[in-house]
Amino acid sequence: MDYCSKSSCNPSSAFDCLLFDLDDTLYSSKLGIAEALRKNIDEFLVEKCGFPENKAPSHRVELFKSYGSSLAGLRALGYDIDADDYHSFVHGRLPYDLIKPDSQLRNLLRSITQRKIIFTNSDRNHAIMALKQLGIEDCFDQIICFETMNPNLSKSTSPDEFPVLLKPSVDAMKVALRVADVDPRRTLFLDDNVRNVAAGKALGLRTALVGKTARSKEADYVLEHIHNLAQVIPEIWVGGTESGDQRISRPGSEMDAILSPTTVGA
């Protein structure tokens with residue numbers, strides 16, 4: 001299979017495609033979006049599912065740990081929850097105004113000639129809204145999201161007929177790789193979640209853990225912030241080794257000058 005057929009391959013690069021997680025990867029987890037999301041999920045558990053208010057946070061945590069998301073857990077437990085209703089409730093009321101345009105990130109993404117794909121557990125509406133707020137909605141070739149991984153969910157006749165697929169499920173990862181039509185060995189997967197990164201690594205992807213400073217056996221690279229991408233993984237732009245040496249930082253180079261922030265219209 002010609003994996004470069006859909007991409008603008010950079011023959012000097014170690015990668016033909018980059019898969020980017022969205023939330024807490026392309027924007028900081030400190031903005032308050034994640035906190036608002038947790039609050040909305042707790043309210044959903046109380047208002048729509050009848051959970052006691054004082055128990056909702058602990059149930060949310062357990063559902064996430066056991067099933068990957070509250071929605072997946074609720075449906076697995078027999079709650080007939082409509083995915084669109086759930087996403088409208090938990091994402092539709094998020095304070096998106098907290099996410100500001102990021103010209104530095106935009107410049108960084110525009111400098112990458114290979115295919116760039118969003119791979120998120122969130123629904124498509126949320127992904128588009130967040131990308132627009134960041135000013136980078138036109139920087140990606142494709143969005144792989146909740147709907148991509150769960151195309152038959154709306155056809156289910158019972159909550160457990162089609163189990164919800166999400167990262168870090170290996171089946172969800174396989175769906176994403178099939179839809180993206182990529183060679184895992186030449187694809188860089190960037191995510192803030194260690195379990196997601198580990199799943200990607202198990203399927204042969206090159207991996208980068210974002211938003212962390214400690215070394216990780218699951219990740220080939222570790223970035224404290226997505227803005228550090230050029231310093232940590234210059235192989236995206238120029239040829240590099242295949243060693244996967246879990247670098248955290250790189251000395252400054254001409255890449256710093258190339259990718260320095262400038263004003264770019266969103």
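The model is predicted: local features need pLDDT of at least 70, side-chain atom pairs count only at pLDDT 80 or more, and totals for chains, interfaces and linings use all residues. Residues are numbered from 1 along each chain as its sequence is written, and side-chain values use heavy atoms, with hydrogens and water left out.

**Surroundings of T207**

- T207 lies in strand β5; strands (E, at least two residues) and helices (H or I, at least four) are DSSP runs numbered from the N terminus.
- The T207 side chain reaches the backbone oxygen of E218 at 3.0 Å.
- Apart from neighbours within four places in sequence, T207 is in contact with L188, F189, V197, G200, K201, E218, A219, D220 and Y221, where contact means heavy atoms within 4.5 Å.

**Helices α1 and α4**

- The axes of α1 (residues 33-47) and α4 come within 8 Å and cross at roughly 130°; axes are lines fitted to C-alpha atoms, for helices over the stretch in contact, with angles from 0 to 180 degrees between N-to-C directions.
- The two helices, α1 and α4, are therefore oblique to each other (angles under 35 degrees count as roughly parallel, over 145 as roughly antiparallel, 65 to 115 as roughly perpendicular, and the rest as oblique).
- From α1, L37, N40, I41, E43, F44 and E47 meet Y86, F89 and V90 of α4.
- By class, this contact of α1 with α4 has six nonpolar, one polar and two charged residues; Ala, Val, Leu, Ile, Met, Phe, Trp, Tyr, Cys and Pro count as nonpolar, Asp, Glu, Lys and Arg as charged, and the others, Gly among them, as polar.
- F89, found in α4 (residues 83-90), counts as buried at 12% relative accessibility.
- F89 and F44 are 45 residues apart in sequence, yet 7.1 Å apart in space, C-alpha to C-alpha.

**Nonpolar cores**

- The largest nonpolar core has 39 residues, and F20, L26, L229 and I233 have the most contacts inside it; such a core is a set of buried Ala, Val, Leu, Ile, Met, Phe, Trp, Tyr and Cys residues joined through side-chain atoms within 4.5 Å.
- Elements giving two or more residues to this core include β1 (17-20), α1, β5 (206-210) and α10 (229-232).
- Helix α6 gives the most to this core, with four residues.
- A second, separate core of 35 residues includes L63, Y86, V175 and V182.

How values were computed: Buried means under 20% relative accessible area, exposed over 50%, partly exposed in between (1.4 Å probe, protein chains only). A polar contact is a pair of N or O atoms within 3.5 Å; within protein, one must be able to donate a hydrogen and the other to accept it, and residues adjacent in sequence count only if both atoms are side-chain atoms.
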